[in-house]
Amino acid sequence: MIKSNPQINNLAPYQPGKPIAELARELNLNPDNIIKVASNENPLGCSALVTKAIADNMAEIARYPDGSSYELKRALAEFYQVSDAQIILGNGSNDILDLIARTFLGEGSNAVFSQYAFIVYKLVTIASGAKYIETPAVNYAHDLSTIASAIDENTKVVFLANPNNPTGSWFDHEQFATFIAKISSNVLVVLDEAYIEYVQNDNNVNAISLLNQYSNLIILRTFSKAYGLAGLRVGFALAHPAICDLLNRVRQPFNVNFLAQTAALAALHDQQFVANSANLNQRGMQQLVDGLTKLGFDCLPSKGNFIAVNFADKASSIDLALQQHGIIVRPLAGYNMPNFLRISISTKAENTQLLSALAEIV
Ligand SMILES: Cc1ncc(COP(=O)(O)O)c(C=O)c1O
């Protein structure tokens, strides 16, 4: 049997949320009655501009996409007031995480990230042959000063998620500005803002304003969450042109497919849809936190479109019981949080259905 690179033996495959069709098959349920709140998807779907753009452009799919994603990049550059050379696109932001690891990490180097940080940081680091340093979290949140102190002479990359998935924890602009000022310019600071559109307060990290000051900063964004395009796989990053240039050398030629580029371009033009999604999320978060607290469960404070809920030693049995009720949530045992289930915020009706099912179960 052919042997893999040795580090691959230490990898466990990423565990996605269970697809609706899979639960329907397993429990012989009608898929139309299943609620999936396991993958932080947008309960509003996507903008009507997106479905129209896709329908209008279907005839083009026999052609290769524009490998440079010129139009999408132009639109993003305009939207964020940066140059085209400061943007790199990915097949989801996971693709960019992988590109970062393949470009900057490898045997002899390490990446630093927090306990409970988004698990893909660990996966891409191990796959690259690099080591990782996982710093202790405080109340399930990143501790930025511990992360800064953990950096050593072999550290090439620091991964931060703000807000973090699966804990929902976050830090503000001042905390981040203090952090990055301490970091050597030889260490790439990856600021993963997959859920930033859901963060509604005055002291958001405005990292884009720091791009000109720090050539070692890369900010990751995605169309999978607030834009509702998870199935199409489009993410992007903003960074110094030299960083984008290096990542572009490793990037696959057509990593963002034609329909994904078309859809993302349309989605970017519907900021009202993004605002509606964030508002729905805020109301749904309140509804779920109130309901869960009333049922006696602790929720970690979250700025994302999900909450991690502590079900103590009943997490596994509640997960199974919810599945019997046709509700898919996300177990967090893979994050060493076996007492927690992560629940994505959905519509009022689906949130209500989840709370009713839980009340019945407990
Ligand atoms: C913190 C964080 N970063 C990145 C991603 C990757 O998202 P995508 O590859 O869909 O853009 C996710 C997805 O769940 C996430 O939670």
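1. Pro163 sits in the loop between strand 5 (155-161) and helix 7 (173-182), where helices (H or I, at least four residues) and strands (E, at least two) are DSSP runs numbered from the N terminus. The model is predicted, so that local features need pLDDT of at least 70 and side-chain atom pairs count only at pLDDT 80 or more, whereas totals for chains, interfaces and linings use all residues. Residues are numbered from 1 along each chain as its sequence is written, and side-chain values use heavy atoms, with hydrogens and water left out.

2. That loop deserves a look for its peptide bonds. The bond joining Asn162 and Pro163 is cis, with omega about -5 degrees, and the bond from Asn165 to Pro166 is cis as well, with omega near 20 degrees; Pro166 also lies in the loop between strand 5 and helix 7. Most residues other than glycine have a negative phi, and most peptide bonds are trans.

3. Asn28, in the loop between helix 1 (20-27) and strand 1 (35-36), has a positive phi of about 55 degrees although it is not a glycine. Asn28 is exposed, at a relative accessible area of 71% (exposed means over 50%, buried under 20%, partly exposed in between, with a 1.4 Å probe and protein chains only). Gln81, in the loop between helix 3 (70-80) and strand 2 (87-90), likewise has a positive phi of about 55 degrees, and Gln81 is exposed at 67% relative accessibility.

4. Which residues surround the ligand? Among them are Asn165, Asp192, Lys225 and Arg233, each with a heavy atom within 4 Å of the ligand. Polar contacts are pairs of N or O atoms within 3.5 Å; within protein, one must be able to donate a hydrogen and the other to accept it, and residues adjacent in sequence count only if both atoms are side-chain atoms. Polar side-chain atoms of Asn165 and of Arg233 each lie 2.7 Å from an oxygen atom of the ligand, while an N or O atom in the side chain of Lys225 is 3.0 Å from a ligand oxygen atom.
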